[in-house]
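Here is a tour of one structure, written for someone who would rather look at side chains than read tables. Keep the viewer open and follow along.

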Amino acid sequence: MAQPVSAESIGRFGTEAVSNDARDTANWVAASHDNQNLPFIVIDKVNAVVFAFDAAGGLRGTAPALLGMARGDASVPGIGQRKLATITPAERTTPAGRFKASLGRDFEQDILWIDYDAALSMHRVIVGRRIDNRAGRLASPTPSDNRISYGCVNVPAKFYDDVVKPLFTGTVGIVYILPETKPLRSVFAVPVAAGG
């Protein structure tokens with residue numbers, strides 16, 4: 001559940017509401033330099049929100065996100081080589097973990113490849129089928145309707161163009177996707193006391 005930012009994190013998050021797990025992860029990354037002096041992104045699946053940081057840990061932007069239809073923290077083995085039509089709704093997860101990401105292209109647009117082998121990327125929200133109402137889901141005030149994709153992270157076009165693309169142009173970066181079915185500290189080495 002997102003909550004007001006603590007005093008310790010005010011420099012990192014400003015006035016943005018942030019979950020304990022997202023705050024603790026971003027603070028741990030900045031303090032431990034796990035990002036290796038590269039830009040980084042923290043994706044909070046539970047709250048369907050993306051936080052983008054520069055290499056020094058300064059918040060550059062935040063946005064809602066659309067995520068994989070199914071809850072889960074792992075990708076199905078070999079899913080990146082399968083045709084979309086063969087992927088069942090239960091297999092449409094956004095996996096948790098630490099990924100080295102870089103800008104690239106798919107068939108239609110430039111994207112941020114999070115895990116190329118698993119065909120996992122972050123990209124501008126697509127129009128998709130009218131019934132999916134992806135833009136409306138992004139604009140809704142709660143994360144309850146943000147589970148619609150095959151696993152990719154869909155973000156508003158303005159956020160992608162103004163924040164993600166500039167941060168990752170000419171460099172790689174790190175994407176931290178927080179777990180939703182496992183404890184945070186089973187995925188990342190975040191100290192218990194991180195962030196408060």
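## Asn35 and its surroundings

Let's start with Asn35, which touches Val29, Phe40, Ala55, Ile174 and Tyr176, not counting residues up to four places away in sequence; contact here means heavy atoms within 4.5 Å. This is a predicted model, in which local features need pLDDT of at least 70 and side-chain atom pairs count only at pLDDT 80 or more, while totals for chains, interfaces and linings use all residues. Residues are numbered from 1 along each chain as its sequence is written, and side-chain values use heavy atoms, with hydrogens and water left out.

You'll find Asn35 in the loop between helix 2 (20-32) and strand 1. Helices (H or I, at least four residues) and strands (E, at least two) are DSSP runs, numbered from the N terminus. Is Asn35 buried or exposed? Asn35 counts as buried because its relative accessibility is 2%; the cut-offs are under 20% relative accessible area for buried, over 50% for exposed and partly exposed in between, using a 1.4 Å probe and protein chains only. A polar atom of the Asn35 side chain lies 2.8 Å from the backbone oxygen of Leu38, and the side chain also reaches the backbone oxygen of Ala55 at 3.0 Å. For such a polar contact, the rule is a pair of N or O atoms within 3.5 Å; within protein, one must be able to donate a hydrogen and the other to accept it, and residues adjacent in sequence count only if both atoms are side-chain atoms.

## The aromatic rings

How many aromatic pairs does a search of the whole structure find? The search turns up six. Rings of Phe, Tyr and Trp (its six-membered ring) pair if their centres lie within 6.5 Å; planes under 30 degrees apart count as stacked, over 60 as edge-to-face and the rest as tilted. Phe40 and Phe53 make a stacked pair, 4.7 Å centre to centre with 15 degrees between the planes. That pair links distant parts of the chain, with Phe40 in strand 1 (residues 40-44) and Phe53 in strand 2, 13 residues apart. Both of these Phe residues, Phe40 and Phe53, are buried.

Tyr176 and Phe188 are buried. Ring pairs join Trp28, Phe40, Phe53, Tyr176 and Phe188 into a cluster.

## A hairpin

Phe53 also takes part in strand pairing, standing opposite Leu59 in strand 3. Strand 2 (residues 49-53) and strand 3 (residues 59-64) run antiparallel over five bridges; strands pair if DSSP finds at least two bridges between them. The two strands, strand 2 and strand 3, form a hairpin with five residues between them, and Gly57 in the turn has a positive phi of about 90 degrees.

## Two nonpolar cores

The largest nonpolar core has 24 residues, and those with the most contacts inside it include Ile41, Val50, Leu112 and Met122. A core is a set of buried Ala, Val, Leu, Ile, Met, Phe, Trp, Tyr and Cys residues joined through side-chain atoms within 4.5 Å. Helix 4 gives the most to this core, with six residues. Beyond its neighbours within four places in sequence, Met122 has contacts that include Ile43, Ile114, Val153, Tyr160 and Val164. A second, separate core of 18 residues includes Phe13, Leu38, Tyr176 and Leu178.

## Two alanines with positive phi

Most residues other than glycine have a negative phi, and most peptide bonds are trans. Ala48, in the loop between strand 1 and strand 2, has a positive phi of about 50 degrees. Ala119, in the loop between strand 6 and strand 7, has one of about 55 degrees. Ala48 is buried at 4% relative accessible area, whereas Ala119 is partly exposed at 33% relative accessibility.

## Asp73

Asp73 lies in the loop between strand 4 (67-68) and strand 5, and with 6% relative accessibility it counts as buried. Which side chain does the side chain of Asp73 make a polar contact with? The partner is Lys45, at 2.8 Å. The Asp73 side chain also reaches the backbone nitrogen of Lys182 at 3.1 Å. The C-alpha atoms of Asp73 and Thr94 are separated by 6.6 Å, though the residues are 21 apart along the chain.
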